[in-house]
Amino acid sequence: MAQILSAAPGKPASLGVRSLPLLLLKLRAYLALAVLVVLFSSIAPSFLSARNLVIVAEQVAVFAILGIGMTFVILAAGIDLSVGAIAGLVAMVAGSLIAEGLRLPWLGVSAFGSIPLICVATLALGTLVGAVNGWFITRLKVTPFIMTLGMLYMARGAASLVSNGATYGNLAGNPELNNTGFLWLGTARVLSVPVSIWLMILLTLVAVYISRKTVFGRQVFAIGGNERAAELSGVRVSRVKIGTYAISGFCAALAGLIIASRLGAANPAIATSYELNAIAVVVLGGASLFGGVGTIGGTLIGAFVLGVLSNGMVLVGISDFWQTVITGAVIILAVVVDQLQRRVEKSSAERQAKAQEALPGQQA
Amino acid sequence: MSRVANSSAASPPTLAMHARRITKVYQGTTALKGVDFNVVHGQVNVLIGENGAGKSTLMKVLAGIEQPTSGQLFRGEEQLHLSNPRQAMALGIGIVHQELNLCPNLSVAENLFVGKELRNRWGMVRHAEQRRRARATLARMGQAVDVDALVQDLSIGTRQIIEIAKVLVSDVQVLILDEPTSSLSDAEVKVLFSLIGDLKRQGVSIIYISHRLEELIEIGDTFTVLRDGHLVGTGVKGSVTIAWLVERMIGSSLAAQLREGAATPAGPPVLEVRDLTVANERGGLLLDKLSFSVGRGEVVAFYGLMGAGRTELFETLIGLRKAIGGHIALTGVALPLRQTIAERIQAGIALVPEDRQKLGLVTGASVRDNLLLANLKRYARGHGLAPRPMEADVARMIEQLHIKTSNAGVAISSLSGGNQQKVVVGKNLLTEPHILLLDEPTRGIDIKARRELFEVLDGLAKAGLTILYASSDLTEILGGADRVLVMCQGRITANLPREQLSEASLVAWSQVTRQEVSARGGTTLAQQEPL
């Protein structure tokens, strides 16, 4: 009995790769990154300077943090269009709490919190907005696209309402109010590496751990792979999905704080259209928008591809307009290549079937 | 209505659980009508009935997936209220679903523990322990499956094994197996049966659903037959025969023919298929060198068990699946294998798919819009769609197919299942096909509507349309076709003209054992020339 089935699972490589083209397709994100680095450094030698690399890494950090949150949502076959707006809202709320404090109208005074308190409160706000997305999507069956599109508008509008459209120009804080230190997040360095990059590394490690080792993480993959099977197996699908949107909201909030801190200012347009960057980063990292396929590591590579691409194009002297066109083309290319990979896999399976047919009596 | 074949048991058997007067109403149809069901402790409780008889619905009620409209579930004296599968699982009720319910992107070990992951005190998944237990469970089942393999890389048969293992990794008291053998090889079935024997000895109660009658007689201890949502018979091992089961399953409706067979022999061949071979995504063969031909005005039925390849054959003919080898000729003209669906429709093939709601209809639209959907190009003029020919065609179809609707503008969802199906047929007729393919045309349709549909098909065949339909419903096969092609494992195993039809021959031909088929033409059965 055992022998009958033993033929099927004995696949050779852990990657499950049957041919060289397929291997190249699977490693496409790494290849793309390598090609870009070689290309840009040969045209513009300043690309590889330590100063420029830090600039690239800081840009990458924001993309990666947004992308990591988005990865959880996409793994569970959802989408979150509201992350840029949540980042903007959180930046504005943080800015208002630092510059104006929390107005307590019935007392006629404003309360100023310490920076750690403000950070925790605004991160919680982002998480809450994400959870609201998830709640409407799972309990009221609003499709993820519509729900998060609506939330994009609402959060962006709310960001302007915080200050009536004005910019908070100075987030350095006031020593008398004991609320200085916000700029540390975006400008300080620890062991000569910017704090935002440390945060990206930390978040990556935590996200890898969650996605691989925790029950929640594995259930996210199960839902993305076959939602009905997961449900019938007793997975609390709604709860897990709400969790993915909450994580995405948290990551968006973190990105918003980093951007505001780096700028030293908060305005309602912060992180506009960053949701598209986040999705692009996840897709470039090899995740499937149908869910169930993708890794945190892939998203990180995707963030580097996008960051290197936009920085490199500036150094090489490509015009702004062309940069936008090229970025769009690269994203489409990533999806086309993804489809190509599926087709190659399918045709190699068909070839196998034909080969099996040629061998009489070998059917399992 | 309920008849007891034999009540020889002197003392009443211990029940693991039982259901009383279960009724389940879905939108528009009643799947179960006051059904009682006993699960005898430590025995194999067989549940049998034709497609749509309500077996799967009853099992979903027992497993907490569906909630009954009325009726109660009991375990001993205690009444159960199962509002989700988790609660049933906690009570030790496990179900192996008919359709595969695995996550293809996860490993075997992970699939076994989805929803019941082993966790340590920090909420981490204990991967090593899961893999160890997965290996132990599979070893107990006599299977050497790599627990780290991704499910998407496994054959369908192996996936079915995984599906069963998924229930067995936790302690089950009641194990529901819904068509567990539909994609297993003979050797795998033997392993499953010996496993069932082991479980019985351990005091596990098993509910077993299958279409394979011989298998049921072999394994079953008690038998319950459902027909159209009613309980129509119960029996115990020893007193139950295949003939008894078939009679109960089909009932009196067997006598009533759905249509007269064609008096005149079929016209010249319209469709010729030779050596058609289709592979699935994983490299297995769905259709294995299939050959047949059908004449003008002929009504041919394809009979077979689940997974025999009937749906796949129709999907290949309409161009949804691409064949990797063979020839298809329509009215003497060879069709390229890589043709698209649009080209096949253009060539004169039309398909009424199995899943009417999902694939056949635009459920939000009107009867008129659904009828015209496949054919809009024909009404396109320079200034838009021409209303007059559209109305004429809609009226003609409603008239010709006896579609019961107050007017063509009403929503399709307000029609009965039978009339909805007629709309799907009408939509396809407007493309003026040579061949009409119908996949399970009367699924979820009552007897009366079924007869009406076949009257319509009969009229179309007399007018020269060639009709091919697939069904696993014996009544429909026996009463509706001029000729039956029996399929098994992607091959045609018998070609039976109307005179030679009997339920016994159909059942026998559809159950050609896998070993004989897979021996690649080594037996008389597999070598029999279909035409």
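**Helix α4(A) and its two partners**

Mentor: In this predicted model, the axes of α4(A) and helix α12 (residues 237-263) of chain A come within 7 Å and cross at roughly 170 degrees.

Trainee: Why are α4(A) and α12(A) called roughly antiparallel?

Mentor: Angles over 145 degrees count as roughly antiparallel. The crossing is at roughly 170 degrees, so α4(A) and α12(A) are roughly antiparallel to each other.

Trainee: What makes up the contact of α4(A) with α12(A), by class?

Mentor: There are 17 nonpolar, 3 polar and no charged residues. Among them are A:Ile65, A:Leu66 and A:Phe72 in α4(A), and A:Phe250, A:Leu254 and A:Ile258 in α12(A).

Trainee: Why are α4(A) and α14(A) called oblique?

Mentor: Helix α4 (residues 50-75) and helix α14 (residues 296-316), both of chain A, pack at about 140 degrees, with their axes 8 Å apart. Roughly antiparallel needs an angle over 145 degrees, and roughly perpendicular covers 65 to 115. The pair is therefore oblique. The crossing of α4(A) and α14(A) is right-handed.

Trainee: Which residues make that contact?

Mentor: They include A:Phe63 and A:Gly67 of α4(A), and A:Gly302, A:Ala303 and A:Phe304 of α14(A). By class, the contact of α4(A) with α14(A) has 12 nonpolar, 8 polar and no charged residues.

Trainee: How do you know that α14(A) is largely enclosed by the rest of the structure?

Mentor: A residue is buried if 20 or more other C-beta atoms lie within 10 Å of its own. In α14(A), 16 of the 21 residues are buried, so this helix is largely enclosed.

Methods:
Residues numbered from 1 in each chain as written. Chains lettered and ligands numbered in written order. Predicted model: local features only at pLDDT ≥ 70, side-chain atom pairs only at ≥ 80, totals over all residues. Axes fitted to C-alpha atoms, helices over the stretch in contact; angles between N-to-C directions. Helix = DSSP H or I, 4+ residues; strand = E, 2+ residues; numbered from the N terminus. Parallel < 35°, antiparallel > 145°, perpendicular 65-115°, else oblique. Left-handed = near helix turned anticlockwise from the far one by under 90°. Contact = placed C-beta atoms within 7 Å. Nonpolar A, V, L, I, M, F, W, Y, C, P; charged D, E, K, R; others polar. Buried ≥ 20, exposed ≤ 12 C-beta atoms within 10 Å, placed from the backbone.
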